[in-house]
Amino acid sequence: MVEEVIRYLTSNCSEDYWYDEGIFICDEIIEQISETDWDMLGKSLLMMDVQSKVRLAECLADVSSTNSTEILIRLCSIDEGNLFVACIDSLRDKELKKINDDDKSMILKRIDDKLMNCTKIEKRIYDDFLLKHT
């Protein structure tokens with residue numbers, strides 16, 4: 001199943017198709033993947049381009065799994081384009097009480113750094129995350 005998820009994430013589809021259909025198809029597949037598939041998905045991150053990583057972060061927003069949270073935290077440490085804000089947007093409604101202090105510190109520091117030069121929408125996402133998780 002993970003191969004199908006990766007195929008959707010890395011496809012050369014239009015943004016319209018992705019947000020109209022692709023993201024929902026990916027969500028449905030991700031909800032059904034096994035523990036082994038989660039491991040494979042995590043290992044495949046390094047091979048993905050930034051657009052595919054952003055798509056994955058968007059898909060994981062509504063997935064209620066500790067695996068999804070762990071992958072989002074891993075993605076937060078990657079400094080590529082708008083990946084970080086996509087991850088924070090997906091993490092802000094998740095339960096984060098069990099994340100370790102190092103990961104939490106990394107995320108908070110990156111938010112602090114990004115707040116200096118971000119758009120109004122990004123600021124709203126960061127502020128909402130901080131309100132819920134600090």
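Biologist: Which backbone oxygen lies 2.7 Å from a polar atom of the Ser68 side chain?
Modeller: In this predicted model, that is the backbone oxygen of Ser65.

Biologist: And where is Ser68 placed, in which helix?
Modeller: Ser68 is part of helix H5.

Biologist: Is Ser68 buried or exposed?
Modeller: Buried, because its relative accessibility is 0% and the cut-off for buried is under 20%.

Biologist: What is Ser68 in contact with, leaving aside neighbours within four places in sequence?
Modeller: Ser68 has contacts with Trp38, Leu60, Val63 and Lys94.

Biologist: How far is Ser68 from Leu91 in space?
Modeller: The C-alpha atoms are 9.4 Å apart, and the two residues are separated by 23 residues in sequence.

Biologist: Trp38 came up. Which residues of helix H3 are buried?
Modeller: Trp38 is one of them, along with Asp37, Leu41, Gly42 and Ser44. Viewed down the axis of H3, the buried residues fall within an arc of 165°, so they line one face of the helix.

Biologist: What is exposed on the other side of H3?
Modeller: Thr36 and Lys43.

Biologist: Which helices do the buried residues of H3 pack against?
Modeller: They pack against H1, H2, H4 and H5.

Biologist: Which residues of H8 are buried?
Modeller: Ile125, Tyr126, Phe129 and His133. They cover an arc of only 95° around the axis, which puts them on the same side of H8. The buried residues of H8 pack against helices H6 and H7.

Biologist: What does the face turned away from that buried side carry?
Modeller: The exposed residues Lys120, Arg124 and Leu131.

How values were computed: Residues are numbered from 1 along each chain as its sequence is written. This is a predicted model: local features need pLDDT of at least 70, side-chain atom pairs count only at pLDDT 80 or more; totals for chains, interfaces and linings use all residues. Side-chain values use heavy atoms; hydrogens and water are left out. Buried means under 20% relative accessible area, exposed over 50%, partly exposed in between (1.4 Å probe, protein chains only). Helices (H or I, at least four residues) and strands (E, at least two) are DSSP runs, numbered from the N terminus. The arc is that of the directions from the helix axis to the C-beta atoms. Contact means heavy atoms within 4.5 Å. A polar contact is a pair of N or O atoms within 3.5 Å; within protein, one must be able to donate a hydrogen and the other to accept it, and residues adjacent in sequence count only if both atoms are side-chain atoms.
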